Amino acid sequence: MCGIVGMVGKSNVNVALYDALTMLQHRGQDAAGIMTCHNGKMAQQKAVGLVRDVFRTRHMQRLIGNMGIGHVRYPTAGSSGPALAQPFYVNSPYGIALAHNGNLTNAEALSKELFLADLRHVNTDSDSEVLLNVFAHELQLQGKLKPTHDDIFKAVEGVHKRVKGGYSVVAMIASYGVVAFRDPNGIRPLVFGERMSDEGKEYMIASESVALDVLGFKLLRDVAPGEALYITADGDLYTRQCAEKTQLSPCIFEHVYFARPDSIMDGVSVYKARLRQGERLAEKILSLRPNHDIDVVIPIPDSSRVAGQALAQKLGVKFREGLVKNRYIGRTFIMPGQQQRKKSVRQKLNAIDLEFRGKNVLLVDDSIVRGTTCQQIIQMARDAGAKKVYFASASPEVKYPNVYGIDMPSASELIAHGRTVDQVADAIGADWLIYQDLEDLIAASAEGNPDIPRFDCAVFDGDYVTGDVNEEYLRKLEATRNDLAKSQREESKILASLNSIVGIHNA
């Protein structure tokens with residue numbers, strides 16, 4: 001999962017892009033980058049690290065121009081490093097930079113096709129670089145010295161015909177403008193808005209509406225599935241549907257975990273969706289255990305807090321903040337190594353004994369993926385003196401890997417894969433475990449926008465909306481995402497770094 005932003009303004013956009021990326025930092029903490037354009041010249045700064053660490057005053061002073069794009073990255077296959085920071089850039093045609101959120105399910109085939117048929121070289125294993133080269137090639141085919149909006153939209157049409165998977169994209173064409181488009185299923189989110197400055201109208205595109213809010217942009221709407229936007233350097237906006245077959249199928253895990261609660265996606269308030277998740281989960285608890293003995297509901301910060309509040313209110317029991325979060329530790333779910341995840345939980349959370357001691361506690365989390373984090377938190381609750389520890393998940397059992405841009409573990413490493421609910425409860429050490437029903441999760445989101453025909457719920461039901469994910473693909477995914485493969489990649493990177501240092505020393 002990544003965060004993207006693009007802007008065309010009437011003056012330098014560097015500070016606005018920086019501020020927008022800080023609001024999208026929750027979507028990726030591995031790397032960050034900004035690229036701007038002034039008088040046809042591109043300026044770039046990108047590196048591994050948080051937004052606040054990647055950009056310094058000296059960088060902002062050279063990131064000038066009235067248009068630009070930005071990106072925060074988290075690795076979807078465990079790979080990391082400066083070479084994979086975005087935006088990516090190609091100089092032909094025109095000079096194009098691109099940032100991408102999502103994952104291409106046919107990236108391997110496309111990479112071969114780019115080399116053999118399009119005569120293009122891809123320098124990394126990033127599918128974002130593949131996507132950039134596909135777009136660049138399709139634009140090159142238009143054969144224009146100065147591309148028009150029609151040429152750009154035809155290029156996006158070509159991209160949709162060749163590319164499969166989930167993708168939201170912002171791109172910048174030197175001297176000409178900023179382009180944005182979304183996959184035909186609308187799996188990954190993308191919104192745009194406008195604001196009036198003293199010089200005229202400005203536009204911004206972003207992964208989440210919260211990035212627009214803080215900068216005073218009015219949310220106009222979501223980019224539709226298959227739609228493309230083109231904003232010229234002068235501020236003229238063009239839009240067009242560029243895909244033949246479209247169906248809005250947004251990723252429901254955005255509402256569960258990734259998105260900020262103050263964002264609106266495809267007309268759905270994430271905050272309201274999480275409230276409804278909590279209410280429906282409470283109804284399930286009351287139906288199964290009308291005479292429950294829960295004394296207190298305690299959320300696992302932060303993404304389960306809203307659902308936990310609604311759940312407690314519906315149950316008529318106390319809601320307490322019994323776990324205090326160290327906000328200087330990253331999100332454990334998106335940390336690349338299992339060992340690092342285990343270590344970080346105790347660093348990240350600390351229990352307030354008074355809220356646990358002698359009580360029957362219901363812990364609420366947004367989801368259970370590996371089970372490592374909740375297992376340790378349940379033990380923390382017991383160490384703090386809890387009499388019984390129950391556990392509630394605001395989403396159903398995560399049984400299948402995500403292939404559209406979320407780095408979920410391989411299926412064998414998902415704790416609910418091949419286990420019953422009782423077996424999962426035993427594995428994590430809970431006295432009782434309850435999951436949200438998938439029908440209730442869908443209803444909680446659909447109530448916010450009844451016009452959404454379906455949601456991508458593949459991590460829960462194994463139904464991949466693009467229709468091209470088969471057993472062979474999942475087996476390959478398993479080989480790249482399991483902990484052993486990730487550990488070997490980390491060791492290879494360390495070894496390469498040591499060899500480089502030794503080589504320099506010997507020279």
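Arg 289 lies over the face of Trp 432, at 3.9 Å from the ring centre. A charge is taken to sit over a ring if NZ of Lys or CZ of Arg is within 6 Å of the ring centre and within 35 degrees of the ring normal. The charged end of Arg 289 also sits over the ring of Tyr 390, 5.8 Å from its centre. The model is predicted, so local features need pLDDT of at least 70 and side-chain atom pairs count only at pLDDT 80 or more, while totals for chains, interfaces and linings use all residues. Residues are numbered from 1 along each chain as its sequence is written, and side-chain values use heavy atoms, with hydrogens and water left out.

Aromatic pairs were assigned by ring geometry. Rings of Phe, Tyr and Trp (its six-membered ring) pair if their centres lie within 6.5 Å; planes under 30 degrees apart count as stacked, over 60 as edge-to-face and the rest as tilted. The count by this rule is twelve aromatic pairs. Tyr 230 and Tyr 238 form a stacked pair, 6.3 Å centre to centre with 20° between the planes. Burial is defined by relative accessible area: under 20% is buried, over 50% exposed, and in between partly exposed (1.4 Å probe, protein chains only). Tyr 230 is buried at 4%. Tyr 238 is partly exposed at 30%.

The rings of Tyr 390 and Trp 432 have their centres 6.1 Å apart and their planes at 85°, so this pair is edge-to-face. It links distant parts of the chain: Tyr 390 is in strand β21 (residues 388-393) and Trp 432 in strand β22 (residues 432-435), 42 residues apart. Helices (H or I, at least four residues) and strands (E, at least two) are DSSP runs, numbered from the N terminus. Tyr 390 is buried, with a relative accessibility of 3%. Trp 432 is buried too, at 13%. Elsewhere, one aromatic cluster is formed by Tyr 74, Phe 253, Tyr 257, Phe 258 and Phe 460.

An open sheet contains seven strands in the order β3-β2-β4-β1-β10-β9-β11, with antiparallel pairing. The edge strands are β3 (41-48) and β11 (218-222); each has a single partner strand, so one side of each is left without a neighbour in the sheet. From one strand to the next, the twist averages 15°. For such angles, axes are lines fitted to C-alpha atoms, for helices over the stretch in contact, and values run from 0 to 180 degrees between N-to-C directions. Two strands pair if DSSP finds at least two bridges between them. Within this sheet, strand β1 (residues 3-8) and strand β10 (residues 201-206) pair in the antiparallel sense over four bridges. Gly 6 stands opposite Ile 205 in β10.

Strand β6 (residues 96-104) is mostly covered, with nine of its nine residues buried. Three bridges join β6 to strand β5 (residues 88-90), and the two run antiparallel. Val 90 has Ile 96 of β6 as its bridge partner. The two strands β5 and β6 form a hairpin with five residues between them. In the turn, Tyr 94 has a positive phi of about 70°. β6 also pairs with strand β7 (residues 165-173), antiparallel and over nine bridges. There, His 100 has Val 169 of β7 as its bridge partner. The C-alpha atom of His 100 is separated by 33 Å from that of Gly 308, 208 residues apart along the chain. Gly 308 is placed in helix α10 (residues 305-315). Gly 308 is buried, with a relative accessible area of 0%.

Helix α13 (residues 372-383) has twelve residues. From its first C-alpha to its last, α13 reaches 17 Å, close to the 16 Å expected at 1.5 Å a residue. The expected span is 1.5 Å times one less than the number of residues. The buried residues of α13 are Thr 372, Cys 374, Gln 376, Ile 377, Ile 378, Met 380 and Ala 381. Just after α13, Gly 385 takes a positive phi of about 105°.

A search of the whole structure finds zero disulfides, a disulfide being a pair of cysteine sulfur atoms within 2.5 Å. Cys 457 is in no disulfide; the nearest cysteine sulfur, that of Cys 251, is 8.3 Å away. Cys 457 is buried at 3% relative accessibility. Cys 242 is buried as well, at 5%.
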